Amino acid sequence: MSRTTDLSRRLGCLLARHQALHDPRREPRNQLRWLPELRQWQARRLEASFDRFLRDPRRRPAAQFFLSDVYNDRDFSRRDADIAKVLPMMQKLLPGALLSTVADAIELGVLTQAFDLRMSQWLHEIAPRRRKLDGALYAQAYRACGLPRLREHQIQLISRVGLGLGKALRMPGVMTLLKLSRGPAKAAGLSELQGFLERGFAAFAQLGDVREFIAEIEQDEREVAQRLFDEDADPFPGLA
């Protein structure tokens with residue numbers, strides 16, 4: 001079986017899983033009141049972890065891209081619906097490595113949503129009268145929902161998306177292709193997907209050493225996960 005066929009199947013399966021996990025009719029946990037609270041709390045936690053990147057003018061655009069487009073509380077369903085519509089065309093026009101990065105971004109979204117639903121269900125059952133999430137309650141939910149290997153895979157996917165975009169920047173003709181596709185993408189209603197790629201490329205073009213940046217994110221996220229699983233008394237130092 002060719003790599004193109006494998007990638008096509010992977011993208012198709014991921015998009016189907018993404019759609020199923022976000023559909024409130026097929027997945028009623030999307031309507032749990034804890035879900036938006038959990039996402040907002042995680043976004044604040046990640047922004048605090050990224051503080052040193054956000055204060056660095058060279059790294060700020062890449063950090064903001066991660067916060068807004070890769071690993072945050074944003075709804076990516078429009079972007080991924082765009083991908084589903086143009087999957088056959090994308091496979092003809094875009095390099096396989098870039099398509100693999102898009103697939104990694106979707107898989108990250110799928111896994112993050114699955115964890116969020118799992119944790120929201122636990123919070124619904126254990127803390128039905130609580131209105132706000134804090135670090136202690138989040139840590140309880142994180143450990144109760146467990147699955148350390150999948151949490152590690154989540155971190156690996158964050159790394160793969162970042163490194164993939166950095167590598168794509170060095171591919172001949174990719175930037176030109178992206179610029180040429182701007183008009184047709186807008187006309188076809190694919191602005192979310194186009195915007196994701198353009199924002200990613202623009203952010204990483206200013207970054208310099210992509211590997212160093214991604215390595216620091218990986219280390220930070222692994223340290224957070226380790227503190228949570230180890231029941232550290234202060235797993236989020238500096239977070240109010």
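A helix, as the term is used here, is a DSSP run of type H or I with at least four residues, and helices are numbered from the N terminus. Glutamine 42, for example, is located in helix H2. The model is predicted. Its chain contains 12 helices and 0 strands.

**Overall composition**

- From the N terminus on, the order of elements reads α-α-α-α-α-α-α-α-α-α-α-α.
- The chain has 240 residues, and 47% of them count as buried.

**The nonpolar cores**

- In soluble globular proteins, nonpolar side chains tend to be buried together.
- In this model, the largest nonpolar core holds 44 residues, of which Phe50, Phe65, Phe66, Phe204, Phe213 and Ile217 touch the most other members.
- Two or more residues of this core come from each of helix H1 (3–22), helix H2 (34–49), helix H3 (51–54), helix H4 (60–70), helix H6 (96–126), helix H8 (148–169), helix H11 (191–205) and helix H12 (210–229).
- The element that gives the most to this core is H6, with 11 residues.
- Apart from this core lies another, of 18 residues, which include Leu38, Met119, Leu137 and Ala139.
- Once neighbours within four places in sequence are left aside, phenylalanine 66 is in contact with Phe50, Tyr71, Ile158, Gly162, Phe204, Phe213, Ile214 and Ile217.

**The pairing of H6 and H8**

- The axes of H6 and H8 come within 9 Å and cross at roughly 150 degrees.
- Angles over 145 degrees count as roughly antiparallel, and H6 and H8 are therefore roughly antiparallel to each other.
- The crossing of these two helices, H6 and H8, is left-handed.
- On the H6 side, the residues that meet H8 include Leu98, Thr101, Leu108, Leu111, Phe115 and Met119.
- On the H8 side, the residues that meet H6 include Leu150, His153, Leu157, Ile158, Val161 and Leu165.

**The pairing of H8 and H12**

- The axes of H8 and H12 come within 10 Å, with a crossing angle of roughly 165 degrees.
- That angle makes H8 roughly antiparallel to H12.
- The crossing of H8 and H12 is right-handed.
- Where H8 meets H12, the H8 residues include Pro148, Arg151, Ile155, Ile158 and Gly162.
- The H12 residues that meet H8 include Val210, Arg211, Ile214, Ile217 and Phe229.

**Two individual residues**

- Is glutamine 42 buried or exposed? The relative accessible area of glutamine 42 is 17%, and buried means under 20%, so glutamine 42 is buried.
- With neighbours within four places in sequence left aside, glutamine 42 is in contact with Asp116, Met119 and Tyr138.
- Arginine 52 is located in helix H3.
- Which residues does arginine 52 contact, leaving aside its neighbours within four places in sequence? They are Glu216 and Asp220.
- Arginine 52 and alanine 63 are 11 residues apart in sequence, and their C-alpha atoms are 9.5 Å apart in space.

How values were computed. Residues are numbered from 1 along each chain as its sequence is written. This is a predicted model: local features need pLDDT of at least 70, side-chain atom pairs count only at pLDDT 80 or more; totals for chains, interfaces and linings use all residues. Side-chain values use heavy atoms; hydrogens and water are left out. Buried means under 20% relative accessible area, exposed over 50%, partly exposed in between (1.4 Å probe, protein chains only). A nonpolar core is a set of buried Ala, Val, Leu, Ile, Met, Phe, Trp, Tyr and Cys residues joined through side-chain atoms within 4.5 Å. Contact means heavy atoms within 4.5 Å. Axes are lines fitted to C-alpha atoms, for helices over the stretch in contact, and angles run from 0 to 180 degrees between N-to-C directions. Angles under 35 degrees count as roughly parallel, over 145 as roughly antiparallel, 65 to 115 as roughly perpendicular and the rest as oblique. A crossing is left-handed if the near helix is turned anticlockwise from the far one by less than a right angle, and right-handed if clockwise.
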